[in-house]
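Biologist: Please show me the model, and then let us go through it by question and answer.

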Amino acid sequence: MEAAAEAGATGIKSVVPEEVKQTNSDQDAGEDHPSEYRVVYVLGGPGSGKSTQCSKISSEFGFSHLSAGDLLQKEVESGSEEGKMIRDLKKEGKLVPSEIVVKLLQQAMRRSESKKFLIDGFPRNEENLAAAENIMKIEPDAILFFDCSEQEAMRRLLSRNQGRADDNAETIRNRLKVYSESTVPVINYYNSKGKVRKIDAERPIDEVYQSVKEVLSGIEGKGTVKEEFQGCAL
């Protein structure tokens, strides 16, 4: 996976899908205040330890932790019409439209008392990226990229022993393939903008967190990162 990221900045264009444009035009701009938010995206492959680190970050740094996957699952469990649609799409192995993911994130942000958000697992593909930039209109302070080799990710996921149906070698390889094809280009895009902070996620949890703390402590004000953290060699 690291090799894929080393390919350099992706040529993502500022082309917004028609459905995203339509959703953008329907937004009530008065409901959101992106300029007041501080946002850190958390990206990395399956088994990279994102969730564990997000819990520690939110406790110490006061970020509201928003997981795109958790928000979708809660909507499914609510029994709403939209939740039923999400459930059916996931059963069919299809991606949930970006505008729905963004809508759930925006609702969670409005409900939060915090103005600092740690968004986990988003944007995970180029359509998500277009929606993030054109609907949410939030420029992230930084992207925490938890870098973990495919071999280590496989070892971790197979040893979970949590009875998850998707924790078998074949499905894990498929998940890693989707990550490499869909999310790595997003990481490369943000790296070209100087936003990515790569974290070696193969170390013990506490060591990983020390690196995370150094990065987050370097953030000064909205969208400003101390000079020593500028740039990231993927």
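**A covered strand and its surroundings**

Modeller: Strand β4, residues 142–147, is mostly covered, with six of its six residues buried. Buried means under 20% relative accessible area, exposed over 50%, and partly exposed in between (1.4 Å probe, protein chains only). Helices (H or I, at least four residues) and strands (E, at least two) are DSSP runs, numbered from the N terminus. This is a predicted model, in which local features need pLDDT of at least 70 and side-chain atom pairs count only at pLDDT 80 or more, while totals for chains, interfaces and linings use all residues. Residues are numbered from 1 along each chain as its sequence is written, and side-chain values use heavy atoms, with hydrogens and water left out.

Biologist: Which residue in β4 stands opposite Y41?

Modeller: Two strands pair if DSSP finds at least two bridges between them. Strand β1 (residues 38–44) pairs with β4 in the parallel sense over five bridges. Opposite Y41 stands I143.

Biologist: Which residue in β5 stands opposite D147?

Modeller: β4 also pairs with strand β5 (residues 196–200), in the parallel sense and over five bridges. D147 is one of the buried residues of β4. The residue opposite D147 is D200.

Biologist: Within what arc do the buried residues of α10 fall?

Modeller: The buried residues of helix α10 are V208, Y209, S211, V212, V215 and L216. They line one face of the helix, because seen down its axis they fall within an arc of 160°. That arc is taken from the directions from the helix axis to the C-beta atoms.

Biologist: What covers the buried residues of α10?

Modeller: Contact here means heavy atoms within 4.5 Å. The cover includes β1, α3 (50–61), β4 and β5.

Biologist: How far apart are the closest N and O atoms of E139 and K195?

Modeller: A salt bridge is a side-chain nitrogen of Lys or Arg within 4 Å of a carboxyl oxygen of Asp or Glu. E139 and K195 form a salt bridge, with their closest N and O atoms 3.8 Å apart. The pair links distant parts of the chain, 56 residues apart: E139 lies in the loop between α7 (126–136) and β4, and K195 in the loop between α9 (169–192) and β5. The distance asked for is 3.8 Å.

Biologist: Is K195 buried or exposed?

Modeller: E139 is partly exposed, with a relative accessible area of 34%. K195 has 10% relative accessibility, so K195 counts as buried.
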